[in-house]
Amino acid sequence: MTSSANRDLFVTMLTALGRKDFDEVERCLAEDILFEWPFPVMDGFPVEHRGARWFLEAMQASWRDFDDYAYRIETIHDLVGDDQLIAEYSSHSRYIPTGAPYSNRYISVFDFAGGRITRWREYVNPRVVAQILGEGASWSEDGGAQRRV
């Protein structure tokens with residue numbers, strides 16, 4: 001069964017991410033963590049990328065136009081192994097340029113080793129992202145999410 005330490009690490013990381021406390025998030029992630037988004041979030045956004053530093057810089061760029069995220073954990077599914085879990089959660093924020101509320105739902109699979117998250121596979125609804133940023137919104141490494149009006 002998923003260890004309590006790994007469950008706690010996930011909760012700590014998600015809480016810090018919502019507060020945009022990227023230093024705390026970085027302490028929870030392995031330096032070479034593998035991120036996977038099987039359903040692309042938007043045009044140009046990778047379906048796979050490795051590295052905690054890249055992720056943190058991407059989130060800082062993407063979230064500059066959003067208030068902090070209030071995450072709500074719906075369910076944590078324990079797996080047979082100590083070092084994996086599946087989580088269902090939601091996020092709630094506000095897109096500052098328009099004042100529109102933003103909420104999305106996620107199912108993520110996490111792997112852990114050495115007290116850090118080593119893999120994060122996230123299933124997120126890209127239609128919700130498109131609704132807030134506009135159809136045809138795109139991602140660029142130097143500027144983050146680019147809203148299409």
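This briefing describes the fold, the surface and selected residues of one protein chain.

The model is predicted: local features require pLDDT of at least 70, side-chain atom pairs count only at pLDDT 80 or more, and totals for chains, interfaces and linings use all residues. Residues are numbered from 1 along each chain as its sequence is written, and side-chain values use heavy atoms, with hydrogens and water left out. The chain comprises four helices and eight strands, where helices (H or I, at least four residues) and strands (E, at least two) are DSSP runs numbered from the N terminus.

**Overall architecture**

- Along the sequence, the elements follow the order α-α-β-β-α-β-β-β-β-α-β-β.
- The radius of gyration of the chain is 15 Å, which agrees with the value near 15 Å for a compact globule of 149 residues; the radius is taken over C-alpha atoms, and the globule rule is 2.2 Å times the number of residues to the power 0.38.
- Along the principal axes, the C-alpha atoms fill a box of roughly 45 × 30 × 25 Å.
- Residues 24 or more positions apart supply 53% of the contacts with a separation of 6 or more, a contact being heavy atoms within 4.5 Å.

**Burial, surface and charge**

- Of the 149 residues, 46% count as buried; buried means under 20% relative accessible area, exposed over 50%, and partly exposed in between (1.4 Å probe, protein chains only).
- The accessible surface comes to about 7500 Å², and carbon and sulfur atoms contribute 49% of this area. Accessible areas come from the Shrake-Rupley method with a 1.4 Å probe, and for residues only the protein chains shown count as cover.
- There are 16 positive and 24 negative side chains, and the centres of the two sets lie 5 Å apart. Lys and Arg count as positive and Asp and Glu as negative, while His and the chain ends are not counted; the place of a charge is NZ of Lys, CZ of Arg, CG of Asp or CD of Glu.

**Helices 3 and 4**

- Helix 3 (residues 52–62) is largely enclosed by the rest of the structure, because eight of its 11 residues are buried. Among them are Trp-54, Phe-55, Leu-56 and Met-59.
- In helix 4 (residues 126–133), the buried residues include Val-128, Val-129 and Ile-132.
- At the start of helix 4, a side-chain oxygen of Asn-125 reaches to within 2.9 Å of the backbone nitrogen of Arg-127.
- Gly-134 follows helix 4 and has a positive phi, near 100 degrees.

- Asn-104 is found in strand 5 (residues 100–113) and is buried, at 4% relative accessibility.
- The side chain of Asn-104 makes a polar contact with the side chain of Tyr-102 (2.9 Å) and reaches the backbone oxygen of Asn-125 at 3.1 Å. A polar contact is a pair of N or O atoms within 3.5 Å; within protein, one must be able to donate a hydrogen and the other to accept it, and residues adjacent in sequence count only if both atoms are side-chain atoms.
- Beyond its neighbours within four places in sequence, Asn-104 is in contact with residues including Tyr-89, Val-128 and Val-129.
- Tyr-89 lies in strand 4 (residues 84–95) and is buried, with a relative accessible area of 2%.
- The C-alpha atoms of Tyr-89 and Asn-104, 15 residues apart along the chain, are separated by 8.7 Å.
- The side chain of Tyr-89 makes polar contacts with the side chains of Ser-108 (2.7 Å) and Glu-122 (3.0 Å).

**Ser-93**

- Ser-93 is found in strand 4 and counts as buried at 13% relative accessibility.
- The side chain of Ser-93 reaches the backbone oxygen of Asp-67 at 2.7 Å.
- Not counting residues up to four places away in sequence, Ser-93 touches Phe-66, Asp-67, Asp-68, Tyr-69, Pro-101 and Tyr-102.

**Glu-36 and Arg-119**

- Glu-36, in strand 1 (residues 29–36), is buried at 13% relative accessibility.
- Glu-36 and Arg-119 are 83 residues apart along the chain, and their C-alpha atoms are separated by 7.9 Å.
- The side chains of Glu-36 and Arg-119 are joined by a polar contact of 3.3 Å.

**Backbone at Lys-20**

- Lys-20 lies in the loop between helix 1 (4–18) and helix 2 (22–28) and is partly exposed, with a relative accessible area of 24%.
- Although not a glycine, Lys-20 has a positive phi of about 60 degrees. Most residues other than glycine have a negative phi.
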